[in-house]
Amino acid sequence: MSETDATDEPPSFEDAFSSDDVEQRIYGTILQTREPTTASAVADSADCDPKTARKYLGWFDDLGIVTRHDGHPATYERNDAYFEWRRINQLAADHSVEGLQDRVRELTTRITEYETTYDAASPAAVDAVAVAEDSDKRTIDDVYSDLGDWATAREERDRYERARQQRTGGEREQASG
């Protein structure tokens, strides 16, 4: 195997960030963290000095990427609201108002179809087991798949609508300014 062939392979899951610089390794560790974590634990995972981890975590806290929880020791957790905000901004930047509106319409149609199919206003209002037991056509896996897709469509529609509102608000400000 040539040297270039070896570099084309993805990194192993256990060492996914080994080739990144320390900032990227700490950022990657934060992305994978689901609960408040100490700087020492982040440092262990990112293979760096705890002092370095605290420095970057403080910077990430200032940027809103993480939330710092005071205590002994202080802990840090990923700020999901920051990533949601980034996602909406990216949608607004990548799509026209018309494209965003079209996607909102598509998702609304899909959501309405699920509401009609399951005679419910939301996936949470559906008893998946009862629906599957009462149906000759849908297995429990089918119902859970539909409910997951329905919930995802609702979340996605909300993001696209927020991005559309952001775009239309920005265009109104530019037109009036």
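This is a predicted model: local features need pLDDT of at least 70, side-chain atom pairs count only at pLDDT 80 or more; totals for chains, interfaces and linings use all residues.
## A strand pairing and a helix crossing

Thr-67 stands opposite Glu-77 in strand E3.

Thr-67 and Glu-77 face each other where strand E2, residues 66-69, is joined to E3 by four bridges, with the two strands running antiparallel. Follow the chain from E2 to E3 and you will pass through five residues, as the two strands form a hairpin.

Now stay on E3, which covers residues 75-78, and turn to its pairing with strand E1, residues 37-38. Two bridges join E1 to E3, and this pairing is antiparallel too. To find your bearings here, look for Thr-37, whose bridge partner in E3 is Tyr-76.

From the strands, let us move on to the helices. Helix H2 spans residues 22-32 and helix H3 spans residues 39-46. Their axes come within 9 Å and cross at roughly 115°. Angles from 65 to 115 degrees count as roughly perpendicular, and H2 and H3 are therefore described as roughly perpendicular to each other. The crossing of these two helices is right-handed.

Which residues in H2 and H3 meet? On the H2 side they are Arg-25, Ile-26, Thr-29 and Ile-30, and on the H3 side Val-42, Ser-45 and Ala-46. Sorted by class, this contact of H2 with H3 has four nonpolar residues, two polar ones and one charged residue.

Conventions: Residues are numbered from 1 along each chain as its sequence is written. Side-chain values use heavy atoms; hydrogens and water are left out. Axes are lines fitted to C-alpha atoms, for helices over the stretch in contact, and angles run from 0 to 180 degrees between N-to-C directions. Angles under 35 degrees count as roughly parallel, over 145 as roughly antiparallel, 65 to 115 as roughly perpendicular and the rest as oblique. A crossing is left-handed if the near helix is turned anticlockwise from the far one by less than a right angle, and right-handed if clockwise. Contact means heavy atoms within 4.5 Å. Ala, Val, Leu, Ile, Met, Phe, Trp, Tyr, Cys and Pro count as nonpolar, Asp, Glu, Lys and Arg as charged, and the others, Gly among them, as polar. Two strands pair if DSSP finds at least two bridges between them.
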